[in-house]
Amino acid sequence: MILRITMVLGLLLPSIAAAESMARYNVIWESPSKDDTGQMPLGNGDIAASVCAIEDGDLYLLLAKNDAFTYNGDIFKTGRVGISLSPNPFAKGKKIRQTLDLDTGSIRIEATGVKLLIWADANRPVYHVQIDSPAEVAVTAEPKLWKRIDDCKYNTSKAPIKNPTQDVRIERAGNILWYFAVGDRSTYAADMKYYDVGHMIAKHPDPYRFNTFGNLLESPDMTLKDGVLSGKGKRFDIRIHALTKQTPKTSGWIETIQRQAAKPVDAKKDFAAHCKWWKSFWSRSWIIASDNTL
C-alpha cells in the first residue's frame, strides 16, 4: 500500500486545512459486540469511558478518571453503568451502525430507528447518553459494581489489605451515587523515598491519602424506583457525573458531587460548546494520511 502523507501548515494553507475533516478516520461498526471486549473509547482528557453495545444485551459504559488513585498509586475504574432499552435495538439480527465520530468526540449508534449519542463533555466532568426513538421505549439505567481487590501476593507491603475497601452505593434526591474511599492509607512517602526523591515529599502533596472517587447517575427523564432509574418515552438524556476529591470525610465528596450535578445542564447548548472545543482541537495542526485509493 502506498501512503500519501500531506503536511498542511495552517498559516500557509488554511483553505486546504479547513476543507479536511477528521470524519475520514471515523471508526464504523455494523454489528453489535458479542461481549464486553468489543469496546469503543470515549473521553475528554479527564474522564473516559469504554462503550459497548452487546448483541441481545445492554449498552455499557466502563468509566475511568485520570486522578482516581488508590492508596498505592494504581488508578481504579470508577464504575460501570448498564443501560437497557425495550424493545431492544441490539437484538440479534437487527441492523446497527456504531460510529466513533472524531469531529465531535462522540459515539453515535443507529439501531432499528433508535439513535443514541454518547459523549463526555469536553468542558465539564459529565457523560451524556442521549436516546432519540421514533416510538416509545422503556429505558433503565443503573451502576454495576464489582468486588474490589487492591492487594495481591506480589504486593510487598508489610500490612497486606485482607478486607479491601469496597464501593459504597447510596440514593439521594432521586439519583444514584457510588464512590470508593481510599481512607487513611498511602504508599506515597515510601514510594518517593524508594526512588530517591524523598526531598520532594514536602513540596508535592500526597495524591493518594483520603482519595475518594466515583459517580452520580441521574436523568431528568427518568425516576428512581427499586434501585434503578427507569422511564418510558421517546427521548432521554442520561447523565453520569464524575468526581475525585481528597477528603477525610466521605460526606465532603457526597456534598460536592451533588452540588456539581445540580448545576444547570442544557444538553443542546453544552454539546455545541463541546463540538466547538473538538473543532479547535483538530484545527491546531494537520497530518493528512490516506492510501492511494483516495
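Predicted model: local features only at pLDDT ≥ 70, side-chain atom pairs only at ≥ 80, totals over all residues.

Helices (H or I, at least four residues) and strands (E, at least two) are taken here as DSSP runs, numbered from the N terminus. Residues are numbered from 1 along each chain as its sequence is written, and side-chain values use heavy atoms, with hydrogens and water left out.

Of the 294 residues, 44% count as buried, where buried means under 20% relative accessible area, exposed over 50%, and partly exposed in between (1.4 Å probe, protein chains only). Among contacts (heavy atoms within 4.5 Å) with a separation of 6 or more, 63% join residues 24 or more positions apart.

Helix H4, residues 267-282, has 16 residues and reaches 22 Å from its first C-alpha to its last, close to the 22 Å expected at 1.5 Å a residue; the expected span is 1.5 Å times one less than the number of residues. Its buried residues are Ala 267, Asp 270, Phe 271, His 274, Cys 275 and Trp 278. Seen down the axis of H4, these buried residues fall within an arc of 140°, so they line one face of the helix, the arc being that of the directions from the helix axis to the C-beta atoms. The face turned away from that buried side carries the exposed residues Lys 269, Lys 276 and Lys 279. The cover over the buried residues of H4 includes strands S3 (40-43), S8 (106-111), S9 (114-120), S10 (126-143) and S15 (228-246).

A nonpolar core is a set of buried Ala, Val, Leu, Ile, Met, Phe, Trp, Tyr and Cys residues joined through side-chain atoms within 4.5 Å. The largest such core has 39 residues, and those with the most contacts inside it are Leu 59, Leu 61 and Ile 83. Leaving aside residues up to four places away in sequence, Leu 59 touches several residues, among them Cys 52, Ile 83, Ile 109, Leu 116 and Val 129. A second, separate core of 10 residues includes Tyr 179, Leu 216, Ile 254 and Ile 257.
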